[in-house]
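These are my notes from an afternoon of looking things up in one structure.

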Amino acid sequence: MVVVSGSNAGTMASELAESLGWSHHALETRRFPDTEGYIRIPSETIDALRNEPVVLVSNTFPDSGIVETLLMLDAIQDVRAGRLQNLREIGPQTLPGVGKGVILAVPYFGYSRQDKRFKPGESISARAIANMLATRCDGMVVLDLHAPAVLSEMSIPVSFTSAMPELAGHLKASVNPDFILSPDKGAIDRASSVAQQIGCEFSYLEKTRIDAHTIIHKAKDLDVDGKSVAIVDDMIATGGTICRAAEALRSQGAVEVHAACSHGLFTGGAIARLLRYVDGVHATGSLPNARDVISGGPALARGVNDILVELGLSS
Ligand code: R5P
């Protein structure tokens with residue numbers, strides 16, 4: 001089996017390939033002067049893509065990642081169907097189709113937070129993007145999707161995988177926290193699984209988001225006096241959620257506070273802001289970021305193995 005990637009998930013793709021013992025091929029990606037993207041499957045990769053099932057690792061973030069992912073899937077489907085016609089008549093123009101076997105693995109699924117329609121007429125963006133991608137692959141793997149329920153009725157199988165076991169292993173080895181905190185109810189399952197794996201205490205806060213930059217946490221007594229605490233979330237964007245949670249922890253006596261997440265978006269100076277409130281920031285490389293200290297490859301590999309079994313492609 002073979003792993004391929006474009007411009008936005010090369011590190012995750014090589015970590016996945018390493019976890020599975022497969023080969024990793026980079027597809028050619030470029031930008032035209034008007035910013036439109038170009039992709040091409042190099043000649044030396046075409047045979048590999050026809051000989052065995054293929055996993056494309058690609059993010060739907062930023063927006064250009066959505067277009068690039070669609071273009072790469074389309075080109076992979078053409079190659080596997082043997083549609084190779086080209087104006088320069090290079091190589092065979094058609095070949096027999098090789099059947100099913102295109103899996104899309106998305107380390108960071110952009111648009112995942114718009115997973116509900118709050119007002120009439122709104123797009124349920126997470127579902128809209130996923131439906132587009134599903135027209136061009138046989139199965140999908142998504143790492144720590146914000147709210148998996150939004151993709152519960154897809155036309156193809158979807159495997160939801162999580163890097164929380166890797167976060168737990170990393171935190172245990174580097175911080176050894178006494179207490180894990182979920183900064184809101186949405187992260188309870190993820191954060192409590194980390195606490196369970198580490199074997200430490202756990203609690204959560206109730207968060208109200210006023211706008212993208214304003215967060216209010218309901219006051220709650222936390223038994224953190226003199227303790228080292230790690231706040232665990234699926235993603236950190238502006239850092240507002242973590243900063244407010246860290247304030248609550250410090251005011252109740254926490255002596256050391258760390259923040260850990262799968263997806264480090266770190267928008268608009270978030271890392272500098274975070275470091276005024278926490279002692280360490282830990283993330284996977286689901287998307288390129290300055291705090292990539294946890295390998296997401298093993299988590300993605302678990303999801304790929306599950307989907308191969310579901311598609312009847314496992315060897
Ligand atoms: C929201 O429910 C997510 O799980 C994160 O808590 C949120 O997206 C983090 O955003 P920010 O860092 O901007 O507070």
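Which residue follows α7, and is its phi positive or negative? I looked it up: α7 is followed by Gly253, and the phi of Gly253 is positive, near 100 degrees. I note here that the model is predicted.

**Entry: helix α7**

I stayed with α7 and checked its length. The helix has twelve residues, and at 1.5 Å a residue these should span 16 Å. I found its end C-alpha atoms 17 Å apart, which agrees.

Next I listed the buried residues of α7. They are Gly240, Thr241, Ile242, Cys243, Ala245, Ala246, Ala248 and Leu249. I then looked for what covers them, and the cover includes the strands β9 (179-182), β11, β12 (214-217), β13 and β14 (256-264). Helix α8 (270-274) is also part of that cover.

**Entry: the ligand**

Which elements each supply at least two residues of the shell around the ligand? I found β11 (207-211), β13 (228-236) and α7 (240-251). Of the elements, β13 gives the most, with four residues.

There are 14 residues around the ligand, and I wrote down those that come nearest: Asp233, Asp234, Thr238, Gly239 and Thr241. By kind, the shell divides into three nonpolar, five polar and six charged residues.

For Thr238, a polar side-chain atom lies 2.6 Å from a ligand oxygen. For Gly239, the atom is a backbone N or O, and the distance to an oxygen of the ligand is 2.8 Å. For Thr241, an N or O atom in the side chain is 2.5 Å from an oxygen of the ligand. On its own the ligand has 380 Å² of accessible area, and the protein covers 91% of this. Thr241 had already come up among the buried residues of α7.

**Entry: helix α9**

I repeated the length check on α9 (residues 297-310). At 1.5 Å a residue, its 14 residues should span 20 Å, and the end C-alpha atoms are 20 Å apart, so the two values agree.

The buried residues of α9 are Gly297, Ala299, Leu300, Ala301, Gly303, Val304, Ile307 and Leu308. What covers them includes two helices, α1 (10-20) and α5 (164-174). The cover also includes the strands β5 (54-57), β6 (102-106), β7 (139-143) and β8 (158-161). Just after α9 I came to Gly312, which takes a positive phi of about 70 degrees.

**Entry: Thr284**

Is Thr284 buried or exposed? Its relative accessible area is 0%, so Thr284 is buried. I placed Thr284 in strand β15 (residues 280-284).

What does its side chain meet? A polar atom of the Thr284 side chain lies 2.6 Å from the backbone oxygen of Ser262. I left aside neighbours within four places in sequence and listed the contacts of Thr284: Ala163, Leu167, Cys261, Ser262, Asn289, Asp292, Ile294 and Gly296.

**Entry: Pro165**

Pro165 is found in helix α5. Its relative accessibility is 34%, so Pro165 counts as partly exposed. Leaving aside neighbours within four places in sequence, I found Pro165 in contact with Gln197 and Arg302.

**Entry: backbone angles in loops**

In the loop between β7 and β8 I found Asp144. Asp144 is not a glycine, yet its phi is positive, about 40 degrees. Its relative accessibility is 3%, so Asp144 counts as buried.

Phe266 is in the loop between β14 and α8. Phe266 is not a glycine either, and has a positive phi of about 45 degrees. With 12% relative accessibility, Phe266 counts as buried.

Which peptide bond did I note as cis? It is the bond from Phe61 to Pro62, with omega near -10 degrees. Pro62 is found in the loop between β5 and α3 (63-81).

Conventions: Residues are numbered from 1 along each chain as its sequence is written. This is a predicted model: local features need pLDDT of at least 70, side-chain atom pairs count only at pLDDT 80 or more; totals for chains, interfaces and linings use all residues. Side-chain values use heavy atoms; hydrogens and water are left out. The expected span of a helix is 1.5 Å times one less than its number of residues. Buried means under 20% relative accessible area, exposed over 50%, partly exposed in between (1.4 Å probe, protein chains only). Contact means heavy atoms within 4.5 Å. A polar contact is a pair of N or O atoms within 3.5 Å; within protein, one must be able to donate a hydrogen and the other to accept it, and residues adjacent in sequence count only if both atoms are side-chain atoms. A residue is near a molecule or strand if one of its heavy atoms lies within 4 Å of it. Accessible areas come from the Shrake-Rupley method with a 1.4 Å probe; for residues, only the protein chains shown count as cover. Ala, Val, Leu, Ile, Met, Phe, Trp, Tyr, Cys and Pro count as nonpolar, Asp, Glu, Lys and Arg as charged, and the others, Gly among them, as polar.
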